[in-house]
Amino acid sequence: MLAIGGRTAIAVAICTYKRNELLTRLLEALLVCAEQVRDRAAVGVALVDDTPDGQARVVADAFADRFELGLEYRISGRKNISLARNLAVATALDLGDWIAMTDDDCEPPSQWLEALLNLQQETGADAVTGRMVRRVPENSPRWITEQPFLDLGVEELSDASEMPTAATFNTMMSGQWLRDHPKIRFSPEFGVIGGEDMVFFRAARAAGLSIRFSKDGFVYENESAERATFGYQLYVHFWHGNSAALACIKSGMKRSRMFVHGSASLARAIMRQLSRLARGQKPQFRFCLAQILQSIGKLLGSVGVEIDHR
């Protein structure tokens with residue numbers, strides 16, 4: 001599918017669950033992104049609501065006519081993010097020839113789509129991905145920014161680097177590739193515990209998907225005040241380690257190898273504060289505990305224990 005005038009048609013696939021305020025902020029930002037690439041691309045939105053009663057409909061209605069390719073609203077309502085993502089992909093494929101994915105708590109800067117388009121055209125990649133920059137409210141406790149809590153899962157890579165995987169919070173991929181590979185979809189068994197995007201993109205990479213990293217194509221994640229607490233940060237590190245381990249095993253890693261990896265991570269987490277103290281640095285006890293729990297999550301995942309996402 002091509003937009004009017006031979007421009008590229010981009011469908012932004014979004015899944016949402018009880019985040020109408022953040023979703024509104026995201027859609028407003030997407031309008032700015034769409035305007036920035038108007039001479040090259042037409043943009044539409046495939047929005048899937050995972051609440052059974054359609055709580056995001058009011059937001060969808062407010063933006064229904066504001067995107068050039070329209071906004072298609074669907075309800076999944078099964079509280080399984082993989083099923084919602086698969087519906088979003090199917091809906092987006094009817095709108096565009098490129099599918100851009102992001103999350104409902106993300107906010108792209110104005111150059112987001114332009115940066116992804118630029119790198120795709122320069123490299124010919126099937127998919128382009130970028131990083132996520134986490135932001136917390138201004139009145140958040142100082143330790144959450146003074147210690148590297150917001151760097152969880154974030155990698156700083158050189159522009160156009162080849163990638164073994166990507167993430168649904170920030171990726172644009174070929175709709176034609178998805179049509180040619182109908183079996184590469186999000187696994188429902190990971191739809192509650194998380195890690196579904198890691199499994200999806202690793203399977204796609206194994207099936208031949210070429211992925212490149214865009215340094216300028218980043219998005220912001222707007223963390224809520226409830227997430228800027230020590231208890232939540234401990235939980236999310238614990239869950240992240242667990243879901244990463246389960247995803248790696250699903251993608252072919254042996255459980256024994258993951259157990260060794262988790263054990264090494266635990267040893268590094270314990271030694272981190274000791275080495276910082278030895279260098280005269282602040283020990284960062286809070287972050288050390290979070291890393292310990294992340295490693296324990298990996299170890300539990302290596303023996304098959306699943307931690308539900310919340």
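Author: Helices are DSSP runs of H or I with at least four residues, strands are runs of E with at least two, and both are numbered from the N terminus. The model is predicted: local features need pLDDT of at least 70, side-chain atom pairs count only at pLDDT 80 or more, and totals for chains, interfaces and linings use all residues. Residue numbers start from 1 along each chain as its sequence is written, and side-chain values use heavy atoms, with hydrogens and water left out.

Now look at burial. Buried means under 20% relative accessible area, exposed means over 50%, and partly exposed lies in between (1.4 Å probe, protein chains only). The buried residues of helix 10 include Phe287, Cys288, Ala290, Ile292 and Gln294. Further along, Ser295, Gly297, Lys298, Leu299, Gly301 and Ser302 are buried too. In an α-helix there are 3.6 residues a turn, so residues three or four places apart point the same way.

What lies over them? Helix 8 (230-250) and helix 9 (255-278) are among the elements that cover the buried residues of helix 10. Contact here means heavy atoms within 4.5 Å. Just after helix 10, Gly304 takes a positive phi of about 95°.

Next, the charged pairs. A salt bridge is a side-chain nitrogen of Lys or Arg within 4 Å of a carboxyl oxygen of Asp or Glu. The whole structure has 18 of these salt bridges.

Another pair is Arg212 and Glu162, at 3.7 Å, N to O. Arg212 is in strand 9 (residues 211-213), Glu162 is in the loop between helix 5 (143-146) and strand 8 (171-174), and they are 50 residues apart. Arg212 counts as partly exposed because its relative accessibility is 23%. Glu162 has a relative accessible area of 57%, so it is exposed.

Finally, salt bridges that share partners join Arg19, Asp104, Asp105, Arg134, Glu221, Glu223 and Arg227 into one network.
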